[in-house]
Amino acid sequence: MTLIRFIQVVFAIILLMPHYATAAQDIPRLTKLPLGERWYSISKEKEQTGFNRLEIRDTGGGGYEITVESGAKMTILGFSRDATSWERYLVNRDLSLKSFEVDEVIDGKSMKLKGEVTADGVRVSITLAGSTKEKTLKTREAVYPPPVVNIYPLMHGGEKGKNLRLKMLDIEKVKIVGVKISVIGVETPASGAATVHLQNDLYTFVDNDIWLDLNGNTVRESVRHGLILTQAEEGETVRKFLSTRPLLKRR
């Protein structure tokens, strides 16, 4: 997502968050992605500052098409961020990347990416300020796009206490980065359905806490104990928010 690099900088001085108690329920093992459209609010200190829309479509035997729209504008600890993006990924059934397109504007600077996985790595075309160049991100390992990082453990044998590692395409740095995902366990609050609690190390010095429902949908994502919170919402609620902030939408 376009907020990843921003939060890495902002929270470089913050300590790791405490762990959460979990239940003994088994982590579900999924065989397919949850299809359809889902909307999310992005908030800073309980004030909504952005949105995220995720749509997953089955392409029929060969994998999935994942479309992501997001936008946010906020200031934390003196760092300001104004970012919008539109992203589309084609992935295999195991969630590994096949090809992608990205159109993003970060703090007024536009960048477009288009690429595909080859035998040598990820070949990508980068357009900045009207100029286009190509490069290959070398790797022999499978690469995964940002939208599948949360659900990856549920489709790749995640168990309570287990750490999984993958290579992710970072669309801001235009490079392949390593991500560690820790499976904390299944949690069942007194007033809610069971969720799978994960943590990853996308943000330096600060754990990123994620909760998914048992079908693999992200319910909530929290940085610094809710200082920045991404929360599942009804589509109409987010569209109403966007009606007053149309510049947050890239397309």
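Me: Hi! Starting with Arg123, what is its relative accessible area?
Reply: For Arg123 the value is 38%, so this residue is partly exposed. Buried means under 20% relative accessible area, exposed over 50%, and partly exposed is in between (1.4 Å probe, protein chains only). One caution: this is a predicted model, in which local features need pLDDT of at least 70, side-chain atom pairs count only at pLDDT 80 or more, and totals for chains, interfaces and linings use all residues. Residues are numbered from 1 along each chain as its sequence is written, and side-chain values use heavy atoms, without hydrogens or water.

Me: Good to know. Which residue does Arg123 form a salt bridge with?
Reply: With Glu116, and the closest N and O atoms are 2.3 Å apart. A salt bridge here is a side-chain nitrogen of Lys or Arg within 4 Å of a carboxyl oxygen of Asp or Glu.

Me: And what does Glu116 count as, buried or exposed or in between?
Reply: In between: Glu116 counts as partly exposed because its relative accessibility is 35%.

Me: How many salt bridges turn up in the whole structure?
Reply: Searching the whole structure gives eight salt bridges.

Me: What about Asp58, then? Which residue forms a salt bridge with Asp58?
Reply: That would be Arg93, with 3.1 Å between the closest N and O atoms. This pair links distant parts of the chain, since Arg93 sits in the loop between β4 (79–91) and β5 while Asp58 belongs to strand β2 (residues 47–58), 35 residues apart. Arg93 is partly exposed because its relative accessibility is 35%. Asp58 is partly exposed too, at 29%.

Me: Which residues are linked in a network of salt bridges?
Reply: Glu37, Arg53, Glu55 and Glu69 are linked that way.

Me: Let's zoom out. How many helices and strands does the protein have?
Reply: You'll find three helices and 15 strands. Helices (H or I, at least four residues) and strands (E, at least two) are DSSP runs, numbered from the N terminus.

Me: And what share of the residues is buried?
Reply: Of the protein's 251 residues, 51% count as buried.

Me: Now backbone angles. What is phi for Asp107?
Reply: Phi of Asp107 is positive, about 50°, even though this residue is not a glycine.

Me: Where is Asp107 in the chain?
Reply: Look in the loop between β5 (97–106) and β6 (109–118). With a relative accessible area of 42%, Asp107 is partly exposed.

Me: How about Val174? What is its phi near?
Reply: Val174 has phi near 55°, which is again a positive value in a residue other than glycine. Its place is the loop between β10 and β11.

Me: Is Val174 buried or exposed?
Reply: Buried, because the relative accessible area of Val174 is 7%.

Me: Last one: where does Lys173 lie?
Reply: Lys173 lies in the loop between β10 (163–170) and β11 (175–187), the loop where Val174 lies as well.
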